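Colleague: I am still new to reading models like this one. Could you pick one part and take me through it slowly?

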Amino acid sequence: MSTVREINLVLPEIEVYLASSSIDGQLVLNLRSTLVNPVVKVELVGRGFLRWIEEDNPELDYNNSMVYTNQAVYVSKDQTFHIEDICLDSGVHTFDFHFSFPPSIPSTFTSKIGCISYFFQGTCCSHQIVLVKEMFTVARNCCHGSVILRISLEKGIFCPGETIVLMTDIANRTCKYIRKVVFDVHCIVLYRGFSSRGEQHYLEDQSKVTRLEFQTDMAPFEAMRVTGALVLPKPMPVTSTLMENKIMAFRYELVGTSDLSCTTSTIMGRVPITIAATSEHFSVEQNTTTLHEMR
């Protein structure tokens with residue numbers, strides 16, 4: 001039977017931590033009997049890992065695939081507690097700890113290809129006994145004419161959890177109806193991996209972060225303005241580069257799309273946006289895009 005009955009990490013009830021922020025917690029150790037010359041410590045670990053498989057030619061009869069992997073360590077800190085009298089008696093012992101996150105760490109992230117995670121690891125060992133981990137977060141053929149879709153934003157930089165207020169002007173210069181306009185925020189992730197031969201390869205993947213739909217029923221040769229708001233999730237990865245994150249980079253676009261009724265034509269407008277960690281990086285510049293689709 002182990003001398004250690006239970007070991008727990010007690011953390012503040014905070015869901016999201018920002019880079020450069022601090023955290024205070026406690027390691028609570030419950031012993032069945034006296035432990036001589038123990039080592040009790042807490043570690044803060046942050047790391048990323050990715051892996052994907054690509055086939056050189058999926059049409060071949062035989063399997064000829066390549067595995068790409070990469071990994072990075074973003075933070076590795078530990079705090080070892082001083083034990084008086086070289087022993088701990090049976091019962092409950094509490095140890096306070098304090099850590100500060102580095103200013104340049106990437107955001108917590110998980111996908112089918114890779115992940116970035118941060119956790120605390122509490123250890124009490126006399127001969128390598130117990131550990132506990134706590135995860136936390138950081139256009140085509142139709143009738144002649146054109147459609148103009150113009151998306152305007154008050155700014156181009158936003159925080160996770162913030163609301164994006166958008167204004168869209170639509171000029172329908174065709175003989176078709178526009179029934180609906182859809183707005184999506186896309187997260188585009190660029191992964192960098194290496195094969196077993198050390199060959200560097202990149203893979204780009206994207207997903208929809210949030211969506212807003214407008215039912216317009218806009219008649220031919222009409223113009224209209226629609227306004228709306230998209231709420232960003234919290235938490236979410238901040239905009240970054242491969243140089244910053246080492247194994248993956250993040251960028252975002254606000255995409256507006258609309259289909260013309262009874263056709264296969266799609267109108268699309270894109271606005272690049274930046275997701276920043278704090279409001280201190282906000283910009284007051286207006287961000288606008290216009291797309292013309294000629295018929």
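Modeller: Happy to! Let's begin with an open sheet of three strands, which run in the order β1-β2-β7 and pair in the antiparallel sense. At its edges lie β1, residues 4-10, and β7, residues 91-100, each of which pairs on one side only. Ignoring direction, neighbouring strands in this sheet are turned against each other by 15° on average. Look next at β1 with β2, the strand of residues 22-31: their antiparallel pairing runs over six bridges. Within that picture, you can find valine 4 opposite leucine 31 of β2.

Now for the core. The largest nonpolar core has 65 residues, and those that touch the most other members are Leu27, Leu29, Val40, Phe183, Met248, Leu254 and Ile273. Strand β14, residues 178-194, gives the most to this core, with seven residues. In soluble globular proteins, nonpolar side chains tend to be buried together.

The protein chain has a mean pLDDT of 82, with 82% of its residues at 70 or more. Over residues 128-136, however, the pLDDT is below 50, although this stretch has 35 contacts in the model beyond near neighbours in sequence. Residues 281-295 also have a pLDDT below 50, with 63 such contacts beyond near neighbours. Where pLDDT is low, the predicted coordinates should not be read in detail.

Technical notes
Residues numbered from 1 in each chain as written. Predicted model: local features only at pLDDT ≥ 70, side-chain atom pairs only at ≥ 80, totals over all residues. Heavy atoms only, no water. pLDDT = per-residue confidence, 0-100. Contact = heavy atoms within 4.5 Å. Pairing = 2+ DSSP bridges. Helix = DSSP H or I, 4+ residues; strand = E, 2+ residues; numbered from the N terminus. Axes fitted to C-alpha atoms, helices over the stretch in contact; angles between N-to-C directions. Core = buried A, V, L, I, M, F, W, Y, C linked by side-chain atoms within 4.5 Å. Buried < 20%, exposed > 50% of the residue type's maximum accessible area, 1.4 Å probe, protein only.
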